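Below is a set of questions and answers about one protein model. Keep the sequence and the structure in view while you read.

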Amino acid sequence: MNRLLQIGFQPAGHWSIDQDKLIFQLTRHATACNILYAFVCNGLVKYVGKTVQPLAKRMAGYRTPGGSQQTNKRCHLLIRSQ
């Protein structure tokens, strides 16, 4: 996490689970496009991705992945397991 902060990453929100549903709360960059993002848990980088769509829309894909969206499904399970 420290290395990400050193190169300019900024915390943008956090995941939680409420009544077995994944919730993502964005605190910044919700409408930003063409950015790198990372999932970090307990200071460990779990996933790094890039989005060409708004960050809020990209996170929605992880929250409720479609049947054929393999990356979204894999990250959804990763997020839930933390």
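Q: Is histidine 76 buried or exposed?
A: The model is a predicted one, and histidine 76 belongs to helix α3, which spans residues 70–81. A residue counts as buried under 20% relative accessible area. Histidine 76 has a relative accessible area of 15%, so the word for it is buried.

Q: Which backbone oxygen lies 2.8 Å from a polar atom of the side chain of histidine 76?
A: The side chain of histidine 76 reaches the backbone oxygen of arginine 63 at 3.2 Å. At 2.8 Å from a polar atom of that side chain lies the backbone oxygen of tyrosine 62.

Q: With which residues is histidine 76 in contact, leaving aside its neighbours within four places in sequence?
A: Contact here means heavy atoms within 4.5 Å. With neighbours within four places in sequence left aside, the residues in contact with histidine 76 are Leu22, Tyr62, Arg63 and Pro65.

Q: Which backbone oxygen does the side chain of asparagine 72 reach at 3.2 Å?
A: Asparagine 72 also lies in helix α3, and at 6% relative accessibility it counts as buried. Not counting residues up to four places away in sequence, asparagine 72 touches Arg58, Gly61, Tyr62 and Pro65. The backbone oxygen that its side chain reaches at 3.2 Å is that of glycine 61.

Q: What is the relative accessible area of cysteine 75?
A: Cysteine 41 is buried, with a relative accessible area of 16%. Cysteine 75 is buried too, and its relative accessible area is 2%.

Q: With which residues is arginine 58 in contact, leaving aside its neighbours within four places in sequence?
A: Arginine 58 sits in helix α2, residues 55–63, and is buried at a relative accessible area of 13%. With neighbours within four places in sequence left aside, the residues in contact with arginine 58 are Tyr37, Thr51, Gln53, Thr71 and Asn72.

Q: What arc do the buried residues of α2 cover around the axis?
A: The buried residues of α2 are Leu55, Arg58, Met59, Gly61 and Tyr62. They are on the same side of α2, because the arc they cover around the axis is only 150°.

Q: Against which elements do the buried residues of α2 pack?
A: Among the buried residues of α2 are Leu55 and Met59. The elements that the buried residues of α2 pack against are β1 (13–18), β2 (21–26), β3 (35–41), β4 (44–51) and α3.

Q: Which residues does alanine 56 touch, not counting residues up to four places away in sequence?
A: Alanine 56 is in helix α2 and, at 32% relative accessibility, counts as partly exposed. Not counting residues up to four places away in sequence, alanine 56 touches Leu26 and Ala30.

Q: Which element gives the most to the lining of the largest pocket?
A: The largest pocket has a volume of about 670 Å³. Its lining has two or more residues from each of β1, β2, β3, α2 and α3. With seven residues, the element that gives the most is β3.

Q: What is the phi of aspartate 20?
A: Aspartate 20 is in the loop between β1 and β2 and is exposed, with a relative accessible area of 57%. Its phi is positive in a residue other than glycine, with a value near 70°.

Q: What is the phi of histidine 29?
A: Histidine 29 is placed in the loop between β2 and β3, and at 35% relative accessibility it counts as partly exposed. Histidine 29 is not a glycine, yet its phi is positive, at about 65°.

Conventions: Residues numbered from 1 in each chain as written. Predicted model: local features only at pLDDT ≥ 70, side-chain atom pairs only at ≥ 80, totals over all residues. Heavy atoms only, no water. Helix = DSSP H or I, 4+ residues; strand = E, 2+ residues; numbered from the N terminus. Buried < 20%, exposed > 50% of the residue type's maximum accessible area, 1.4 Å probe, protein only. Polar contact = N/O pair within 3.5 Å; in protein donor to acceptor, adjacent residues only side chain to side chain. Arc of directions from axis to C-beta. 1 Å grid on protein atoms, 1.4 Å probe; cavity = no way out; pocket = protein on both sides within 12 Å on 5 of 7 lines; lining within 4 Å. Points joined across faces, edges and corners; volume = space filled by probe spheres on them.
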